[in-house]
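Thank you all for coming. I would like to take a few minutes to go through some strands with you, slowly and one at a time.

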Amino acid sequence: MFGWNTSTKINKKGAEGATPTKAAVAGGALPVSDKIGEILLSEGTVTREQIDLALTMQRNDPRRLGEILLSLGYVTAEDLGRAVARDQKLEFVEIRELPPDAVDPDAINLLDEGILRKHKALPLRFENGHVVVAMADPTDLYAVEDLRLLAGHAVRPVVVTEEDLNGAFLHLFGGVESPSGPDEYPEDEEGPLDDPYPGAGNGGAVEEAVVEAPMEPVEPEPAAEIEPEELVLGQEGEIEEAARSGSQVHAGTVGGRIGDILVAAGDIMPEQLEEALALQREDRREIGQILLSLGYVGKAVLARALAARLRLEYVEITERDVDRAATSLVDPRVLRKYGAMPMRVEGGRLVVAMSEPNNFYALEDIRMISGYPITPVVAVDDDIRRVQNKVFAMSAEVSELLEEAPGSQTAEDVGELELGNESAENAPIVRLVSSILQQAVGEEASDIHIEPRARALTVRMRVDGVLREVMSVPPRLQNGVVARIKILANLNIAERRVPQDGRFSVRLGEQKVDLRAASLPTVFGEKIVLRLLNTSSIDVDLKALGFAPGALAQYREIFQKPYGTILVTGPTGSGKSTTLYATLGELNSPEKNIITVEDPVEYRMPGVNQIQVNPGVGLTFASGLRSILRSDPDVLMIGEIRDRETAKISVEAALTGHLVLATLHTNDAPAAVTRLTDMGVEPFLTASAVDCVIAQRLARRLCERCKRPTEVDEETLSRVRFPFKHAPEDALDFHEAVGCDRCGGTGYRGRMGIYEMLVITDEIKELVLGRVSTGEVSRVAEGKGMVRLREDGLIKAARGETTIEEVLRTVV
């Protein structure tokens with residue numbers, strides 16, 4: 001079509017003798033991510049040695065991987081363009097090779113030269129109601145949106161090299177347009193000194209190119225070279241401010257690497273980034289995900305860095321930030337698919353919270369469905385999912401349902417219920433029950449209580465260990481709601497005089513939750529209690545549970561032994577299973593055969609053989625254990641020691657060379673060893689087999705957004721018996737609960753563990769053999785440094801993690 005020649009001779013022999021050419025370096029600063037290296041490697045464009053060399057250079061080079069490969073001469077601009085197109089699932093084009101019918105002059109004339117040069121874009125043709133635009137940076141969301149608004153058509157980007165675009169501009173418009181003079185930059189653009197990563201697109205100093213070009217394209221003058229050290233120091237404040245506030249600086253993509261932004265903001269150390277980059281050679285995930293898996297950053301910190309990189313706003317979204325009118329513009333199924341949540345309409349644009357704001361297809365679908373241009377903001381995916389569950393459950397439709405009379409119900413065993421897909425044709429009771437379940441999942445409730453009262457059916461949910469009333473249903477809907485749940489749980493709906501048990505599961509997007517249902521006849525009708533169990537694979541780090549550093553190190557030393565018994569005690573709902581699963585997560589490896597016997601199996605763990613107890617067919621804890629011991633196990637986990645036979649088999653398994661993890665119901669750690677004796681286990685077996693006992697409780701964690709420092713007087717500390725020996729007085733930092741939108745006005749968000757760890761030393765073994773009382777065991781253990789449950793909770797309160805009131809509520 002245009003007919004210019006930009007053929008470039010580039011040496012691609014490898015590290016030895018490769019001379020980076022000027023055309024290769026200046027051929028186009030494409031938006032390359034670290035995924036590009038994997039694509040280039042899979043296509044055979046580069047070798048593993050070349051990738052490793054570029055990754056090594058990347059540690060001290062602010063450019064992205066593809067740009068380094070380009071500057072080394074290992075790839076051409078066209079290679080990178082094709083890799084970017086594959087990564088973004090877009091078409092790659094060469095403008096100079098397009099036939100005349102592939103370029104429409106009317107499309108080119110939609111926009112003036114200044115706009116096209118500014119966004120490095122060229123409209124090519126009209127296709128299916130879209131204008132096809134060749135872009136050097138198709139991930140620049142603001143450029144795509146500006147082009148759409150100015151052209152008056154939806155935009156479908158295709159990938160092109162900047163070199164190819166420059167040739168087209170030269171053919172169409174002549175020389176390079178400089179509307180603001182040689183030393184000035186148009187509004188909304190930054191000069192070289194304001195660029196967080198100057199030189200990222202030109203590769204720094206280059207040698208002369210070997211180019212055969214009858215019509216040589218005009219190349220932009222390279223920016224001044226800046227030393228890496230000077231670059232980091234000069235831009236640290238700007239990047240840190242952007243990362244912390246997430247404020248929108250200007251339209252466009254910042255570029256740069258997430259790791260650099262995190263280091264500049266002080267969120268990670270350079271050594272941690274180097275460790276993650278070294279792991280990335282074998283693990284091809286994005287660097288942010290590797291840092292997240294290592295525990296160096298949280299999702300919120302990573303989202304802030306992404307916002308800074310894209311120059312978008314970062315938000316901590318709650319349901320109170322969401323305008324219900326805005327959410328009604330897009331189908332909830334589309335929003336769940338893309339992990340997006342409309343917040344409000346502002347300035348004629350729909351503000352949408354997204355965890356992946358550079359998903360062009362998501363933005364385009366939401367724009368077409370809503371009819372509004374989209375302004376994306378960055379939020380954590382878990383927060384978006386939580387708000388979706390709450391908002392879609394408590395929609396205006398639910399209020400209407402509570403006023404409707406119950407229609408006829410269809411008795412059906414649905415097995416697994418899909419939430420969020422209820423249509424208006426569904427019976428009112430079906431929609432109401434689905435809304436209750438959806439809200440419970442959104443609130444991360446552990447239990448739902450549906451309780452008949454004299455004048456209403458009350459719905460309560462246990463969130464963070466505390467029951468809250470969330471809904472009052474008119475009495476005329478009571479029978480329908482109870483019948484619907486009994487149908488789902490496969491219970492006998494005609495039997496209302498005796499308790500019944502059942503179970504069913506629900507799926508909300510990608511999240512699957514199992515529910516155990518229990519009915520109980522009361523004077524006002526049947527009460528239903530639903531226990532929610534998230535069956536997703538658990539990924540819990542022991543460090544995040546709340547163990548003190550010293551206790552955690554001691555615990556790790558114990559469970560790394562090849563044999564022995566570890567008991568975790570506490571009441572129902574105190575987090576015992578989570579502690580054991582986190583322990584199994586560290587033990588889990590291909591070299592170990594790990595088998596669990598549970599009732600029920602609460603979490604699925606890859607690589608672990610999990611057995612569900614089924615007393616109806618004779619599969620109990622004891623019978624399951626006997627079978628497990630014939631299956632060559634290395635590690636056993638027992639859901640609960642309930643009887644003498646199970647206790648005896650567990651202890652004997654530890655003595656025969658197995659590591660046994662089990663739970664037991666006692667109030668504190670010292671009581672566990674005497675409980676085993678009371679269950680019929682000989683003291684000499686207990687003393688030989690048990691290595692440690694952990695007692696635990698769950699206390700609510702203070703909301704980080706709204707907690708407020710407070711002073712606690714000495715009289716109060718004395719009354720609660722504060723353990724000053726474990727927490728010096730000058731290190732006290734008490735806080736109080738306040739309440740905000742993020743925590744639902746409670747002042748607490750999430751829970752943490754309070755622990756008491758009893759290590760079975762030789763002295764404790766002598767006490768067990770002597771059948772002494774629990775009190776004597778406690779006294780000796782405290783003398784050896786054991787921290788009691790109450791003391792651990794008060795220490796955490798003194799660190800500002802929870803409150804004294806919450807500790808006293810949890811621990812006697």
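Predicted model: local features only at pLDDT ≥ 70, side-chain atom pairs only at ≥ 80, totals over all residues.

Let me begin with strand β14, which covers residues 564-569, and ask how many of its six residues are buried. Six of the six are, so by the cut-off of under 20% relative accessible area this strand counts as mostly covered. In a regular strand the side chains alternate between the two faces of the sheet. Here G564, I566 and V568 point one way from β14, while T565, L567 and T569 point the other way, and residues on both sides are buried.

Now to the neighbours of this strand. Strands of a sheet pair through backbone hydrogen bonds, either parallel or antiparallel. β14 runs parallel to strand β18, residues 659-664, with six bridges joining them, and T569 stands opposite L664 in β18. β14 also pairs in the parallel sense with strand β19, residues 690-702, over five bridges, where V568 has I694 as its bridge partner.

Let us turn to the open sheet, which has three strands in the order β4-β5-β6 and mixed pairing. Because β4 (340-346) and β6 (374-378) each have a single partner strand, they stand at the edges, and one side of each is left without a neighbour in the sheet. From one strand to the next, the twist averages 30°.

Within this sheet, β4 and β5 (residues 349-354) are antiparallel and share six bridges, and E346 has R349 in β5 as its bridge partner. Finally, helix α18, residues 381-393, lies across β4 and β5 and runs at about 75° to β4.

Definitions and conventions: Residues numbered from 1 in each chain as written. Heavy atoms only, no water. Buried < 20%, exposed > 50% of the residue type's maximum accessible area, 1.4 Å probe, protein only. Helix = DSSP H or I, 4+ residues; strand = E, 2+ residues; numbered from the N terminus. Pairing = 2+ DSSP bridges. Axes fitted to C-alpha atoms, helices over the stretch in contact; angles between N-to-C directions. Contact = heavy atoms within 4.5 Å.
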